[in-house]
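Trainee: Could you walk me through this structure? I am new to it.

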Amino acid sequence: MPTSEVPFLLEQTQGCPQGSCSGPAFWNIVADKSYVEWPQGVHIQAFTDDFAFIVTDNTREGPRKLGKFALDKFKDWADKNKLHVSMKESNYVLLSKPVRGPTIKWGS
């Protein structure tokens with residue numbers, strides 16, 4: 001960026017400018033790495049920069065184990081790529097009739 005005195009350089013370490021032409025392509029390169037082998041019963045779907053997991057199993061304990069596995073694996077991917085997951089904007093929907101819902105933890 002030119003200034004009145006000298007050029008000003010700022011190194012960008014992550015992210016893309018909002019609305020840039022190449023931003024979606026760069027994001028696709030990063031997000032593509034989240035589509036690794038997932039176990040049966042775990043499906044991931046991306047909507048721009050939002051991700052949805054669908055976790056299914058016929059046992060009572062299965063969804064809890066699969067959900068924990070999926071979140072831990074996704075957290076590892078996010079950490080590796082220096083991405084922040086907003087807990088304020090994260091939700092889950094339980095479609096079942098258990099006695100109580102699962103405990104969901106992100107990291108520790």
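Mentor: Some ground rules. This is a predicted model, where local features need pLDDT of at least 70, side-chain atom pairs count only at pLDDT 80 or more, and totals for chains, interfaces and linings use all residues. Residues are numbered from 1 along each chain as its sequence is written, and side-chain values use heavy atoms, with hydrogens and water left out.

Trainee: How many aromatic pairs does a search of the whole structure find?

Mentor: Rings of Phe, Tyr and Trp (its six-membered ring) pair if their centres lie within 6.5 Å; planes under 30 degrees apart count as stacked, over 60 as edge-to-face and the rest as tilted. Searching the whole structure on that basis gives a count of five.

Trainee: Is Phe74 buried or exposed?

Mentor: Buried means under 20% relative accessible area, exposed over 50%, partly exposed in between (1.4 Å probe, protein chains only). Phe53 is partly exposed at 25%. Its ring centre is 5.3 Å from that of Phe74 and the planes meet at 85 degrees, so this pair is edge-to-face. Phe74 has a relative accessible area of 7%, so it is buried.

Trainee: Which residues do ring pairs link into a cluster?

Mentor: Trp38, itself buried at 15%, is one of them.

Trainee: Which residue lies over the face of Trp38?

Mentor: A charge sits over a ring if NZ of Lys or CZ of Arg is within 6 Å of the ring centre and within 35 degrees of the ring normal. Here the distance to the ring centre is 5.1 Å. The residue is Lys73.

Trainee: With which side chain does the side chain of Lys75 make a polar contact?

Mentor: Lys75 belongs to helix H2 (residues 62–80). A polar contact is a pair of N or O atoms within 3.5 Å; within protein, one must be able to donate a hydrogen and the other to accept it, and residues adjacent in sequence count only if both atoms are side-chain atoms. At 2.7 Å, the partner is Asp79.

Trainee: What is the phi of Lys82 near?

Mentor: Most residues other than glycine have a negative phi. Lys82, in the segment after H2, has a positive value, near 55 degrees.

Key: Helix = DSSP H or I, 4+ residues; strand = E, 2+ residues; numbered from the N terminus.
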